[in-house]
Amino acid sequence: MPESSIVVRPEPADSGSYSAAARLQAAGLESAIEVFERAAAAVPLPAPPQPIVIADYGASIGYNSLLPVGAAIAMLRKRTRPEHSVLVAHTDMPDNDFTALFRTLEEDPDTYLRKDGATFASAVGRSFYSQILPSNSVNLGWSSWAIQWLSRVPAVIDDHLQVAYCADESVRAAYAKQAARDWHEFVAFRGRELCPGGRLVVTTMAIGDDGEFGYRPLLAAMMDGLDELTADGLLTAKEVSRMCVPAVGRRAGDFIAPFAPSGRFERLEIENLELFEADDRFWGRYQNDSDSVAFGARWADFARASVFPALSTALADGAADPRVSELFDRLEKGVAERLAAAPERMQIPMAHVVLVKHL
């Protein structure tokens, strides 16, 4: 498969592992939920019987969506009659596990469907780097931990798993160009889909003023683990050289770029942009219980769910390679042991971006 056609948005290989990691990830979204609630309080609402439409861009199997969407619906209910219907459209790549998504929506105790009888769920299996919903149809949009994943791998990173720590300036430039294009396309199509006055809240990886991408101990443990598996003969050096984590953090200027020089793009404007250091919730637990083994296991579980699937595309037979299961098991064990041996707080630079479409 040529690099230009590699889709890199990772999906869970193990739904149980993903659930555990995503719940902890979702638990760190309190500030983003507050931003989303304020957006829900401000957007113009359609008159019944036209439904209020909420779009969830990059839903995966739903665990990062339940609490935010539920909070937004609760805010909307303060502004409209209980029978005014709400339609939630969860979107993701065509190969997303939509069965697991609908199971989450149906069975999870936090599901918004159990709390509001006039809310209905749907799903769209298309990339959000194109238009996927009708023009002027979305009142409120949400996207968390999704837009950092590039639409394609623009170059091989020879000296690291993450381009932020790559020494090759040409490779860094290729990734920066792809990241800029992806953000431009994402914003452009959301500008078409949002209703006038509609708002979109995006929570994603960032790079702060210090230039730090973060996650250094985790990435170091992964690289050491892969070297060990290569020495043991499970992987080839060529396969490992192709492996990367094709996620990017963006600086404030990167978020603003499509809107220059007028401050508007596709009738959208940045209403709020906040870059901040998110809490390492696993480190917080370690400080309370001093359980280094649990600390390492939690971060390794997180990596297995969110990152390992991207690594598997570099294997000889891709994600279908018969070694995938052994790779995931052994790499998770190795990462957990390395992080447990030297616990360290993870830097997690994040951004909240609120876009509003002008009337």
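The legends below describe close-up views of a predicted model.

Residues are numbered from 1 along each chain as its sequence is written. In this predicted model, local features need pLDDT of at least 70, side-chain atom pairs count only at pLDDT 80 or more, and totals for chains, interfaces and linings use all residues, while side-chain values use heavy atoms, without hydrogens and water.

**View 1. Confidence along the chain.**
The average pLDDT (the predictor's confidence in each residue, from 0 to 100) of the chain is 91, and 92% of the residues score at least 70. Residues 1–18 have a pLDDT below 50; this stretch makes 49 contacts (heavy atoms within 4.5 Å) beyond near neighbours in sequence.

**View 2**
Buried means under 20% relative accessible area, exposed over 50%, and partly exposed in between, with a 1.4 Å probe and protein chains only. Strands (E, at least two residues) and helices (H or I, at least four) are DSSP runs numbered from the N terminus. In a regular strand, side chains alternate between the two faces of the sheet. Pro349, Ala351, Val353, Leu355 and Lys357 point one way from β7, and Met350, His352, Val354 and Val356 the other way. Two strands count as paired if DSSP finds at least two bridges between them. Strand β5 (residues 194–205) pairs with β7 in the antiparallel sense over 7 bridges, and Thr204 has Ala351 as its bridge partner in β7. Strand β6 (residues 268–277) is also antiparallel to β7, over 9 bridges, with Leu268 opposite Lys357.

**View 2. Two cis peptide bonds.**
The bond from Pro48 to Pro49 is cis, with omega near 10 degrees; Pro49 lies in the loop between α2 (30–42) and β1 (52–57). The bond from Ala260 to Pro261 is also cis, with omega near 0 degrees, and Pro261 is in the loop between α8 (252–256) and β6.

Ser60, in the loop between β1 and α3 (66–77), has a phi near 55 degrees, a positive value in a residue other than glycine. Ser60 is buried, with a relative accessible area of 2%. Arg267, in the loop between α8 and β6, has a positive phi of about 65 degrees although it is not a glycine. Arg267 is partly exposed, at 39% relative accessible area.

**View 3. Ala310 in helix α11.**
Ala310 belongs to helix α11 (residues 308–312) and is buried, with a relative accessible area of 9%. Ala310 and Gln162 are 148 residues apart in sequence and 12 Å apart in space, C-alpha to C-alpha.
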